[in-house]
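I open this notebook to record what I looked up in the structure shown below.

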Amino acid sequence: MSNKNSTISFILDGKIVEIDFHDIKPTTTVLNYLRELPNHKGVKEGCAEGDCGACTTVLGELKDGKISYKAVDSCLIFLPMIHGKQLITVECIGNSDNMHVVQQAMVDTDGSQCGYCTPGFITSLFALYKNHNEPSREIIDDALTGNLCRCTGYRSIVEAAAKSCVHNGKDDITVSESKVVELISKIDCSNQISIKTSIQEYFLPATIQEAVQLKSDHPDAIVINGATDIALKVTKQNQLLEKIIDLSMVVDLNQIIEEDEHITFGAGVSLEDVKTVSQQNFPAMYDMLAVFGSVQIRNLATLGGNVASASPIGDTPPVLMAYDATIVLTSVDGQREFKMDDFITGYHETQMMDNEIIKEIRIPRQLDGVNYKSYKISKRKDLDISTVSIGARLKTNSENIVEEICLAYGGMAALTKSAKKAESYLTGKEWSRENVEEAMNLIDEEFTPISDARSGADARRVMARNLLLKFWTETCQLSVVNE
Ligand SMILES: Cc1cc2nc3c(=O)[nH]c(=O)nc-3n(C[C@H](O)[C@H](O)[C@H](O)COP(=O)(O)OP(=O)(O)OC[C@H]3O[C@@H](n4cnc5c(N)ncnc54)[C@H](O)[C@@H]3O)c2cc1C
Ligand code: FES
Ligand code: FES
């Protein structure tokens, strides 16, 4: 099926649904769209900002001829972002006459009281069911981090997960999967979609060339990819976003290329996919992403979006600095590259020009004998933004002398910033507690953090000092173990 270049199509209830945006804004969220349908009111709004999971739905995406299932927060997704995908709501999973095993398990374990959160839990459990057989407690907890329940308590819901996810993902939906593959294959995702209404323009380029041409023609347009930052402008601030370039359909921005010396992540690679690749390759990045948002957020949020938003409390920039990553920008005029260290220039400001987008992020492979660590301090462990964070790298020689050190802090200034004074003090000195304590004093001199709702400035200083001490403690233990 070819689209008319102004309509979007997706699969719902076993059929292709087409939307032409005559009487609906392209920035309508999937949540609000579903709530207007007669048969999909199970999905709920709780927070409209990605924190509660009441709006969780599952997106089915065609990957290597099969459907991959991802839990997402429908309150953060604009309708055009689901072009070419399968939208799965709680009603698609089962009903009281034909319950899915995850639903039956929730009944059996008394996993629901008032029931407001239950459809969101069921859809999260369904995604877990499809992706993991006999999941560990850690995997179950991670799958449920993005769902809040104020009445039941989580023990019974965790038990429902453990009881039900034991059938290798096989269910009625497996039976209809080949039909869904057939339907999705009929949707054309290879041509740019341009939606124009009387008040908005929304572009979905299909290639990097189309994306940069659009950015050149419309330098004032807002670029989005996962929209986990930008959607809040609509859902919380009620802004009308007049012009959007949505990169989520550009396949080439989703590539991960593994080479001998580095791994290149397309800017549109989801943080969940970055996390998966990082587990083996970049453990410090993995540790940071393990406490980044929730799986619903990480399935949408992209690495390019986290870097481009240049938030002083963004979680990947300190780690990318520690790994000495390179940010590759592209435009109609060609490519430019910046080290992560130089890319962010101020509060939400970067080197990126109006006609550029981030194409990819290149991370050098870990070097033998070099320690990389990341730590995040936040008010709670899960689904919380950083108060202070650090990405750190250390190379010492056989005499325990520091040859190279990077201490990149988040939350201590208007931008992610290295503790340059501490770094240069420590370089060439012994990696000893005495020297580290002296460097901790330099961190005090170097940063003037702010006080805000998350923390006072003094507490931030203490945290920053102590993160260096923690880094020393863990790396000096490592060298003892290595001996
Ligand atoms: C509930 C919740 C929890 C969160 N938790 C965390 C957390 O733990 N840690 C954290 O750091 N952040 C967190 N965030 C913030 C957000 O998820 C991240 O910043 C995310 O990485 C943004 O990526 P995105 O693709 O969704 O960006 P979008 O919202 O699409 O865009 C964000 C910014 O990047 C720009 N942009 C996106 N892609 C490109 C590109 N290729 N080229 C140029 N510009 C681009 C956009 O113009 C915009 O300015 C959270 C957000 C929510 C809603
Ligand atoms: S409504 Fe709370 S996460 Fe979407
Ligand atoms: S059962 Fe009431 S909020 Fe979860």
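How many bridges join strand β18 to strand β19? I counted 8 bridges between β18 (residues 388-396) and β19 (residues 402-410), which run antiparallel; strands are DSSP runs of E of at least two residues and helices runs of H or I of at least four, numbered from the N terminus. In β19, I405 is the bridge partner of L394.

I noted that the model is predicted: local features need pLDDT of at least 70 and side-chain atom pairs count only at pLDDT 80 or more, while totals for chains, interfaces and linings use all residues. Residues are numbered from 1 along each chain as its sequence is written, and chains are lettered from A and ligands numbered from 1 in the order in which they are written.

I then traced the open sheet, whose 4 strands follow the antiparallel order β17-β18-β19-β20; two strands pair if DSSP finds at least two bridges between them. β17 (370-377) and β20 (417-418) each have a single partner strand, so one side of each is left without a neighbour in the sheet.

Next I examined ligand 1. Of the 31 residues around ligand 1, the nearest are G50, G226, D229, G305 and N306 (near: C-beta atom, placed from the backbone, within 6 Å). α14 gives the largest share of this shell, 4 residues. Domain 1 (8-91 + 176-249) and domain 3 (255-482) both contribute residues, so ligand 1 lies between them; the domain bounds come from an automatic or database assignment.

Finally, I recorded 19 helices and 20 strands for the protein.
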